[in-house]
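The sequence and structure come first, then the points by topic.

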Amino acid sequence: MTTLFDPMKIGDIDVANRLAMAPLTRNRSPKAVPNDLNVTYYEQRATAGLIITEGTPITHQGQGYADVPGLYLQQAIDGWKKVTDAVHAKGGKIVTQLWHVGRVSHVSLQPNGAAPVAPSAIPAGGKTYIINPDGTGEFVETSAPRALEASEIPGIVDDFRKAARAAMDAGFDGVEIHAANGYLIDQFLKTGANQRTDDYGGSVENRARFLLEVVDAVSGEIGAGRTGIRLSPTTPANGISDDDPQAIFDYVAAQLATRDLSFIHVIEGATGGDRSFQYEGTSFDYDAFKATYRNAGGKAGWMVNNGYDRDTAMQAVESGRADMVSFGRLFIANPDLVERLETGAALNDPDGSTFYGGGAKGYTDYPALDAAA
Ligand SMILES: C=C(C(=O)O)c1ccccc1
């Protein structure tokens with residue numbers, strides 16, 4: 001029987017076990033450049049079967065939070081190279097999450113103080129994290145977005161492609177396309193944010209067009225076997241919603257099945273919250289979603305997320321419902337999470353007050369088992 005601790009191959013990526021470190025924004029990379037503290041943080045967690053880095057904006061326009069690392073400056077690529085070298089030296093595997101926030105941004109974070117971009121001029125209604133001129137950080141309301149012209153969309157697709165190339169130049173084993181949590185690609189997918197009347201809006205085919213163009217551009221650049229994707233069919237994160245998530249995601253599943261990707265990373269329910277959350281008047285079936293993908297020939301590793309613990313993660317893999325399980329907060333607090341779950345050791349508790357911003361406290365100072373012994 002396959003267990004959570006068995007190796008596997010996801011596309012072209014060999015992983016030592018089926019625990020993934022989920023992408024976690026930590027706001028500790030000033031000027032969008034990864035630094036030595038980031039190197040230590042990821043190196044400490046290299047025993048994960050797969051590390052998925054924090055969201056990494058593909059361009060300045062794609063940035064929506066202060067002090068997140070990018071992939072659009074050579075300095076950042078050089079900084080990421082130190083991270084990947086350190087993780088590889090410990091025998092780990094690491095991919096980076098390619099991120100464009102779309103409307104979830106603030107004019108102070110945008111090129112020339114411009115409005116954030118989105119499929120339609122519909123505000124996210126959420127908050128984002130900025131650093132004020134005096135250096136203090138705070139969560140503020142996102143700025144009102146402008147609707148992208150259709151003529152701008154191919155350029156953003158190419159920005160994803162260029163970022164994927166930059167990721168490989170930085171030594172990553174692959175990428176995860178961030179198509180979840182109410183960010184740009186998810187905004188195109190869902191009716192609550194996409195009310196376009198051109199080829200990128202209306203039908204499920206049109207709303208999925210941008211996602212598939214990004215998948216094809218990234219896969220074409222670095223290989224489908226090193227390309228994963230994160231989806232969140234029913235999350236309310238960043239004010240996103242949809243009238244019929246089963247329709248759009250069953251279509252997406254059937255389309256992705258033909259593209260030989262490395263992994264499909266699915267957030268179940270509300271991101272970091274209620275796993276049973278459903279958009280008003282809808283009922284999304286996650287097992288049917290996966291069955292659609294597999295029945296259409298999809299072979300990518302199926303990775304599940306949201307509130308899993310040792311027992312539920314082991315059960316998900318042993319039952320065959322999932323190939324991998326990603327952990328966020330547990331990896332924040334337990335750099336050696338794999339050993340702790342495999343041996344049933346006690347777990348450190350994460351300190352939510354240090355999740356975003358700051359330095360080593362709550363970032364690289366969580367003790368490993370051998371340190372605590
Ligand atoms: C990249 C994020 C996501 O995917 O939700 C994120 C961003 C800021 C805070 C928490 C999470």
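In the hairpin of strand 7 and strand 8, five residues lie between the strands, and glycine 135 there takes a positive phi near 95 degrees. The model is predicted: local features need pLDDT of at least 70, side-chain atom pairs count only at pLDDT 80 or more, and totals for chains, interfaces and linings use all residues. Residues are numbered from 1 along each chain as its sequence is written, and side-chain values use heavy atoms, with hydrogens and water left out.

**Hairpin**

- Strand 7 (residues 127–131) pairs with strand 8 (residues 137–141) in the antiparallel sense over five bridges; a pair requires at least two DSSP bridges between the strands.
- Helices (H or I, at least four residues) and strands (E, at least two) are DSSP runs, numbered from the N terminus.
- Opposite tyrosine 129 stands phenylalanine 139 of strand 8.

**Largest pocket**

- The volume of the largest pocket is about 930 Å³.
- A pocket is an open set of points on a 1 Å grid over the protein atoms alone, with protein on both sides within 12 Å along at least five of seven lines; a cavity is a set where a 1.4 Å probe fits but cannot get out, and lining residues have an atom within 4 Å of a point.
- Grid points are joined across faces, edges and corners, and a volume is the space filled by probe spheres set on the points.
- Its lining has 36 residues, with Pro23, Leu24, Thr271, Gly272 and Tyr356 nearest the centre of the pocket.
- Strand 4 (50–57), strand 5 (94–99), strand 7, strand 14 (324–327) and helix 9 (329–333) each supply at least two lining residues, and helix 9 gives the most, with three.
- By class, this lining has 16 nonpolar, 14 polar and six charged residues (Ala, Val, Leu, Ile, Met, Phe, Trp, Tyr, Cys and Pro are nonpolar; Asp, Glu, Lys and Arg are charged; the others, Gly among them, are polar).

**Largest cavity**

- One cavity of 30 Å³ or more is found in the whole structure.
- The largest cavity holds about 60 Å³ of space.
- Helix 7 (286–295) and strand 13 (301–305) are the elements that give two or more residues to the lining of the largest cavity; helix 7 gives the most, with four.
- Five nonpolar, no polar and four charged residues make up this lining.

**Glutamine 246**

- Glutamine 246 is in helix 6 (residues 245–256).
- Its relative accessible area is 15%, so glutamine 246 counts as buried (under 20%, with a 1.4 Å probe and protein chains only).
- A polar atom of the glutamine 246 side chain lies 2.6 Å from the backbone nitrogen of aspartate 285.

Definitions and conventions
Buried means under 20% relative accessible area, exposed over 50%, partly exposed in between (1.4 Å probe, protein chains only). A polar contact is a pair of N or O atoms within 3.5 Å; within protein, one must be able to donate a hydrogen and the other to accept it, and residues adjacent in sequence count only if both atoms are side-chain atoms.
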